Amino acid sequence: MIRRESILGKLTSLHWFLLLTIVAIAVFGTAILFSAASSAHNLQTGKPDIHADLAFNHAARFAFMLVVAIALSLAPLRLWASLAYPVYITGVVMLVAVDVAGVVVNGAERWLQLGPVRLQPSELMKLAVPLALARFYHQMFEGGRNGMWIHIPALLVVMVPVALVLRQPDLGTALMILGTGLAVIFFAGIGLRIVAAVMALAIVAVPVVYFFALHDYQRQRVDTLFNPAADPLGAGYQLQQAMIAIGSGGLAGKGYMEGAQKELDYIPEQQTDFIFTIIAEEFGFAGSIAVLLAWGVTLLQGMDIAGRSRSAFGTLAGSGFVATLALYVVINIGMVIGLLPVVGIPLPLISYGGTVMLTVMVGFGLLMSIHLNRDSNMSLRGVF
Amino acid sequence: MSRDWSRNFPSRRNIFLIGGGVMWGALTVRLAELQLLRGREFETKATENRIRLDPAPPHRGTIYDRAGRILAGNKRNFYVTLRPELAGSLQDVAKVVDQLGRLLPISESKKRTILQDAQTRARFLDILVADDLTWEDFARINVMAPELAGVTAEVGELRSYPYYAAFYHTVGYVQRANDKDVTRMIQADLDSIGEQPDTPAGQARARAIRRLYKHPQMRVGKQGVEAFAEIGLKGEPGKTRVLVNASGRVIDRLPSDDISGRPGDDMVLTIDAELQNFAIQRFGTESGSCVVMDVQSGEIIVMMSTPAPDPNQFVSGISQTAYDQLLKDEKNPLYHKAYDGTYPPGSTFKVVVGAAALESGAVDPDFSVRCTGRTWFGGRFFHCWEKRGHGTVNLHTALQKSCDIYFYEAARRAGIENVAAMARKFGLGHRYELGLTGGKAGVVPNDAWKRSNMNEQWFEGETLSVGIGQGYMSATPLQLAVMAARVAGGPGAGNSRLIASGAKVADQTIAPLEGVSEDTMQRLRAGMFAVTSEAGGTAVRAGDLDPQGLLPAPFTHARMAGKSGTAQVRVISAAERASGVISNADLAWRLRDHALFVAFAPAEAPRYACAVVVEHGDSGSRVAAPIVRDVLAATLKADPGSKPAYSPARQVASAPGDGEPT
C-alpha cells in the first residue's frame, strides 16, 4: 500500500488525462515544426528536404519542461502561495528595469539582459498576476473580508503590470495580462452589474483607444484586419498570405509536408506565431478543428481541476491560468485567420520558442499541483 | 472562507465556459468560411502566387539591304552564366570565376565586375560571365559544368552585323540597355500607345519593359536605324512561366508555348550593300563620306562614313580602353560624317549661286566678268583660287573653271536673301528625316539667321564668301547629294528616303524644287558637264565613266557631270597670302582643305547623283572627283534602281493555293 503523501503516491495520483492531452498536443506541435522546416520533395531536386533541428529543439524543450512541470506539481500548494507575492514584486521590478535599461528588439523594449540570460519579464507576469490575485483573495476570504471594496486593490495588482507592459509597447501581452487578471477578479465574485458596466465601458472605449492610445503600427494592424487586400505588399501581406495558405487547405488539407505556401517562404514567422497556417494548409479544416478540440478539452480539464479545489487560492490560480491559455489560443488563431489584429501571440505547445513553453509548462505544473492538493483547505495565516 | 464566493463560483465558471464556447464557435465558423466555402478561391490564389510570368526576349527583326542581303541579323549566341547561391560562398565564387578564366577568355576587369555583382546583387540572380563564345569554348564549359558549381552554358540569340564596319553609322548597333535607355524606351512605348506613366496600366507597362530590358539576352538599339526603329525591330516579348518563391527566386520553368511573343518587324533599306562596300574600299585610308541617290526615286543607294568601328564589338560590350581610343581618333570614326557632318560646301555651292543670280534677274545668261585673280570689295581684296586670273568668264566657263570672281559678283548682285532662298530650293538647310538617329540641318545663312544667331546685321562682304560656299554656309554630304540630284532633275529627286519597308518614317517636310526655269536648269547642267568633259574643266580627267564601253545600255560610254569643291578649314591671313599660301602638303592633316565633289550620271539622262567629301583631302577635283567617278561607274554597272527593293513578306505570300496571275 502506497502512502498518499509519499512522492510515489503523489505521482500515481497525477492528472494523467491532462498530461496525456498536453503530450499529444506537444507531439503534434513537434511534427508540425518538422514539416515547417522540411518538404516532401524539394522543388528543385524533387528529393525530400529534411531539416529536423526545429522539431528536435521543440521536443527537447518540451521533454525537459515536462519533467519540470511534474516536479513542480509535487510542490505543496502552500509553497506556490508563499512564492506568489515575491515573484509578482520581482516581476514588477524587472518591468520597471526593462523600461529603464531594456534591450530594444523590433522597436519594442521587452527583454532584460542579465549576464548571458535574456529575460522577458512580461511573460513572467502572465503567471505572477493570477498567483498574486489568488493569494490576495484567499487571504481576504480567510479573514472574512468579502465586501466589494476588496476588488479595488485586486484591480491595482492587475493594472500596474498592464501599464508597464503597454509602455514597452507590447499590446498582445498587456491584453493577455489584463484578460487573465480580470478573469480572476470575475471568478472571485465581483458583482455582475459591475461586470456589465465595465463591458459597456470597454465597448465605448474601443474607438477612443484606437484613435488616441494606439501606436501607428498597431492602428495599421487593426486597419489591415478589416481590409487585408488594400496593401497586399505592406502590412496586409502576411495576413493575405496566411489566409491563402489556410483557405487552400480545404477540407482535408494538402497532406503532411506537402504545403506549398510554406515551401516558398511566403509567410513570415511561420514557425512561431503563424504556425497554425501550416496545420490548416496541410491538414485542412479537419486538422484545424482537431487543434481547437484538443485545446478545448485541455481547458475544460483545467476548469474542472480549478473547480474541485477546496481552497480559494487553488480555484482562483487554476482558473486564472486556464483563462491565460484560452486567451493564447483565441488570440493566436483569431489573428492568423483574420478575426483579430496581428499582435504577436504564439500558439502554446505548437509554436517554436522557449519562453512560451516555459510559461505554459510552469502553469501546467501549477494546475497539476492544484489537482494533487485539491482536498487541502489550507490556511495562509502566518505566510508572508 | 466566504460562503458567497464559493456558492458563486460554479455559475461564474459556467459563464466563462459559455463565453469560451462562443469564441471557439467563432473560430470554427471562420475556419469553415475560409477552408470550406472559399477553399477553391484561395487555391487559385495560391497558384497565382507561385507562378510568375517572366519576359522572354523576342526575335529581333532583320535589317536587309535593297537586294535582300542581311545588314543586321541574329546569330546563335553561346553564353555562360553563374548563379552565386549555387556556387557557394564568395570565396567559392571567386574560385569558380578563376577556373572559368582558365577555360574562357575573360579579362581581369571582367572578373572583378563578376565578383562585384556576386557581392551586391541578389544571390539567386544569374550573372552573365561571357557571351558570344565559340562553339569550342561552349563545348568545353558544357563538359566541365558538373565541376563548376553554379555555372550554366546556354544558347540564345545575339545581334550580328555581317558587313562589320560598313554600316556602323547608318544601321547602327545594339547594346545592353542602361538605366537611361530603359527610361527612354518606357517613354517611347507609353507615347506610342498614348498612356500616362502614372496610371496603373502605364506603371504595369513600365515594369514589364524594365524587366524585359534587364534580361541578359536583351539588347537595345543605340544608334542609326537600330535605335530609330527600336520599337518595331524589338517585337513583342513572349513570356516564360516560372515557379517562384516569395523572395522571387526561380524554382522551376514551366511550359509556356501558348504565350510566345511576336518577332520584331523586318526592315529593308534602300541601300545597296555591295556598292556601299565598294565606296568604302575606294576611300582606302582617307576619312570622309559618300552618298549616292537614285534621281528617279529618291532612294539612297549608298550612305557611308569612313573610318568606322565594327559594330559587333559593341553588342557584347566594348572595353573602355578600346572605346576611349575611338573617341580620341582624329578621324572621328564614331561620327556619321554623311548625316551629322557639316562642311562648307565650297565651290560645289556655285551651282546654287548661279541659279539664284539667273532666276532673280540680277544677271543675264550672257553676263560676264573679267577675272584678274582678285577683286576689291568693302575695303579688302577677295581672291580667286587661280592667282593669275581666268580672264573673261560667263556662267558656263565660271562653273567649268570654278572661277571665284564671277560668283562673288553673281552673289553680290543677287543678294544674300535670293541666294539663301535658292539654297533651300535645292535642299540645303533642312534636316532630312531618314529613319536613323542624328542628322544635321547645316546652315543657310541670311540676315534673319545672323540676327538671331549672332545678334548682328548681315554685311554685304559676307555675301561674297557665301558666293563661293564659304563663310557661314555649311551642308552635310547628304544635302550635297540632294542638291546634285535636284540639279539633275528627275521626279523623285526631292523625296530622299532610306527605309524601303518595315518602318514608317515621319512625314517629310521637304519642299519640291519649283520656280526654277528649265532654261536655268539646262545651263547649270551644261556648266557641270563642262567641268568634267570640256577642255579646261577642273575635273576633266574624271568625266568618263566607261572609257572601254563595257557598261550595259543605256549607260554605255556614259559621262558624269559634276562640280568640284575645296573647302578651306583655316583662315588664310593677308601676310601669308603675300608671302605665298602654304601648300596643303606642308600642313598638318587636320588643317588641310576638305575635298568635295558632287555629280550626277549619265550626264545627258541623269539616273544617279553622288556627293563625296574627303576630309582634309586637299583638292576636290584631284581627290574627290575620281572617287565619285568610280562610285558612279560601279553604280551604273549594278544599276540597283532598276530592280524593286527586296520584300521579305513576298516569300511568305507564295503559299500553295495562290492562283496564277490573271
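This is a predicted model: local features need pLDDT of at least 70, side-chain atom pairs count only at pLDDT 80 or more; totals for chains, interfaces and linings use all residues.
## Chain B at a glance

Let's begin with the overall make-up of chain B. It contains 24 helices and 20 strands, and 44% of its 662 residues count as buried. Among the contacts in chain B with a separation of 6 or more, 77% are between residues 24 or more positions apart.

## A sheet of five strands

Now look for an open sheet of 5 strands in chain B, with the order 12-11-20-19-18 and antiparallel pairing. Strand 12 (300–306) and strand 18 of chain B each have a single partner strand, so these two stand at the edges, with one side of each lacking a neighbour in the sheet. On average, neighbouring strands of this sheet are turned by 5 degrees against each other, direction ignored.

At one end of the order, 6 bridges pair strand 11 (residues 288–294) of chain B with strand 12 of chain B in the antiparallel sense. Here you can find Val292(B) opposite Val302(B) in strand 12 of chain B. Two helices also pack on the sheet. Helix 11 (residues 273–283) of chain B touches strand 11 and strand 12 of chain B, and its direction makes about 35 degrees with that of strand 12 of chain B. Helix 23 (residues 620–638) of chain B touches strand 11, strand 12, strand 18, strand 19 and strand 20 of chain B, and its direction makes about 35 degrees with that of strand 19 of chain B.

## A closer look at strand 19

Strand 19 of chain B has a partner on each side. It runs antiparallel to strand 18 (residues 561–567) of chain B, joined by 7 bridges, and Lys563(B) stands opposite Val598(B). Another 7 bridges join strand 19 to strand 20 (residues 608–614) of chain B, again antiparallel, with Phe597(B) opposite Val612(B). Strand 19 and strand 20 of chain B form a hairpin, with 6 residues between them.

## Helices that cross

In chain A, the axes of helix 7 (residues 171–187) and helix 13 (residues 312–336) come within 9 Å and cross at roughly 140 degrees. This crossing is right-handed. By class, the contact of helix 7 of chain A with helix 13 of chain A has 8 nonpolar, 6 polar and no charged residues.

## Where the chains meet

How many residues does each chain bring to the contact between chain B and chain A? Chain B brings 38 residues and chain A brings 42 residues. On the chain B side, helix 1 (3–37), helix 2 (39–50) and strand 9 (250–254) each supply at least two residues. Helix 1 of chain B gives the most, with 21 residues. By class, the side of chain B that touches chain A has 19 nonpolar, 9 polar and 10 charged residues.

Technical notes: Residues are numbered from 1 along each chain as its sequence is written. Chains are lettered from A and ligands numbered from 1 in the order in which they are written. Two strands pair if DSSP finds at least two bridges between them. Helices (H or I, at least four residues) and strands (E, at least two) are DSSP runs, numbered from the N terminus. Axes are lines fitted to C-alpha atoms, for helices over the stretch in contact, and angles run from 0 to 180 degrees between N-to-C directions. A crossing is left-handed if the near helix is turned anticlockwise from the far one by less than a right angle, and right-handed if clockwise. Ala, Val, Leu, Ile, Met, Phe, Trp, Tyr, Cys and Pro count as nonpolar, Asp, Glu, Lys and Arg as charged, and the others, Gly among them, as polar. Two residues are in contact if their C-beta atoms, placed from the backbone, lie within 7 Å. A residue is buried if 20 or more other C-beta atoms lie within 10 Å of its own, exposed if 12 or fewer, and partly exposed in between; C-beta atoms are placed from the backbone.
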